[in-house]
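Me: I am new to this structure. Please show it, and then let us go through it in short questions.

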Amino acid sequence: MVKETKNIPVENDSVEQVFIQHKKGNQFSLFKKSRVKIFFASIFTGILILFGMYLLSDISKINGIKVIGNTYLSNEEIIQIAEVSTKSRKIFIFDSIIKNNAKKNPLIDKIEIKFTEDDILEILVTEKKLIGYRYDKTAMLITSDAKLIEMNEDLSRLIVKLPFVVGFDPIEDENGKLDNMILNEFAASMSQLKTSTIENISEIHQISFSYDSAAIQCIMRDGNEVYGDFYTISLLDDYNFVADKLSPEKNCLYLVVSEKPDGKKVENYFKSTCPYDVVENEEDSGETN
């Protein structure tokens with residue numbers, strides 16, 4: 001007896017349905033991911049548009065530039081060194097770049113910037129203090145820390161503000177090396193003076209007295225002469241007060257430190273014969289005898 005074999009129907013519809021559901025699930029997942037990407041892309045695009053609008057508006061610009069602390073360099077020179085202008089955008093002004101630019105100028109010791117509440121850019125400058133100029137094969141500016149800066153054409157205009165310095169040259173030590181000790185001492189003593197006092201001096205000479213081989217002669221711009229040393233030169237800050245009481249002809253003043261009976265030291269000026277007149281008088285008296 002032969003049994004009949006029944007065909008078992010394959011549920012193709014249910015399998016196909018699974019694939020369809022799976023495909024829809026993948027599509028939905030991709031849609032969700034793309035929707036997130038579109039969302040963030042829209043935000044980024046919006047930010048770029050707003051940033052571009054900000055840069056194109058005057059709000060992004062600084063409202064002005066104020067330079068503080070400069071004496072030798074003009075406001076325009078400082079602004080040029082900083083490489084900024086009233087067209088500069090605030091977000092593109094970096095303190096580190098301006099400081100790096102300032103290092104290229106030998107007169108700038110330190111520079112800082114800050115913005116005021118009104119978006120004014122303030123450039124705070126600390127210049128190296130200059131105490132005079134001298135000639136060592138070429139013209140050199142002398143700083144308060146005894147450094148020499150070669151004077152180029154741009155810096156030559158500073159001569160009118162500074163005294164011409166003669167002497168205080170390096171000396172050879174016992175090993176044959178040049179020692180700048182005298183220049184260092186001179187610079188240290190001059191650094192105590194106000195800038196206005198230094199500008200009031202026309203020439204400074206190192207001279208020698210019997211009691212001091214490193215005395216200082218200051219020829220003032222009014223023609224008077226002041227004599228002192230490394231320790232008394234700080235008294236020059238009082239020069240204008242003393243000079244107002246002097247007669248109009250040329251005077252020779254000496255800066256001295258005297259001691260009172262109680263031991264207190266008093267720094268003062270006194271007027272006397274100029275040292276070269278004393279020498280001439282001595283020579284004349286010698287010839288007479």
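Predicted model: local features only at pLDDT ≥ 70, side-chain atom pairs only at ≥ 80, totals over all residues.

Me: Is phenylalanine 164 buried, partly exposed or exposed?
Reply: Residues are numbered from 1 along each chain as its sequence is written, and side-chain values use heavy atoms, with hydrogens and water left out. Buried means under 20% relative accessible area, exposed over 50%, and partly exposed in between, with a 1.4 Å probe and protein chains only. Phenylalanine 164 has 24% relative accessibility, so it counts as partly exposed.

Me: Where is confidence lowest in the protein?
Reply: The mean pLDDT of the protein is 80. Helices (H or I, at least four residues) and strands (E, at least two) are DSSP runs, numbered from the N terminus. Strand β7 (residues 164–166) has the highest confidence, at 95, and the lowest, at a mean of 56, is in helix α7 (residues 275–288).

Me: Why is the pair of tyrosine 133 and phenylalanine 164 called tilted, rather than stacked or edge-to-face?
Reply: Rings of Phe, Tyr and Trp (its six-membered ring) pair if their centres lie within 6.5 Å; planes under 30 degrees apart count as stacked, over 60 as edge-to-face and the rest as tilted. Here the ring centres are 5.4 Å apart, and the planes stand at 40 degrees, so the pair is tilted.

Me: How many residues apart are tyrosine 133 and phenylalanine 164?
Reply: Tyrosine 133 sits in strand β4 (residues 130–136) and phenylalanine 164 in strand β7. The pair links distant parts of the chain, 31 residues apart.

Me: Which residue forms a stacked pair with phenylalanine 168?
Reply: Phenylalanine 168 is buried, with a relative accessible area of 1%. Its partner's ring lies 4.1 Å away, centre to centre, with 15 degrees between the planes. That partner is phenylalanine 186.

Me: In β5, what is the bridge partner of glycine 132?
Reply: Six bridges join β4 to β5, which run antiparallel. Two strands pair if DSSP finds at least two bridges between them. In β5, the bridge partner of glycine 132 is isoleucine 142.

Me: Which residue in the hairpin of β5 and β6 takes a positive phi near 70 degrees?
Reply: β5 pairs with strand β6 (residues 148–150) in the antiparallel sense over three bridges. Their hairpin has four residues between the strands. The residue with the positive phi is alanine 146.

Definitions and conventions
pLDDT = per-residue confidence, 0-100.
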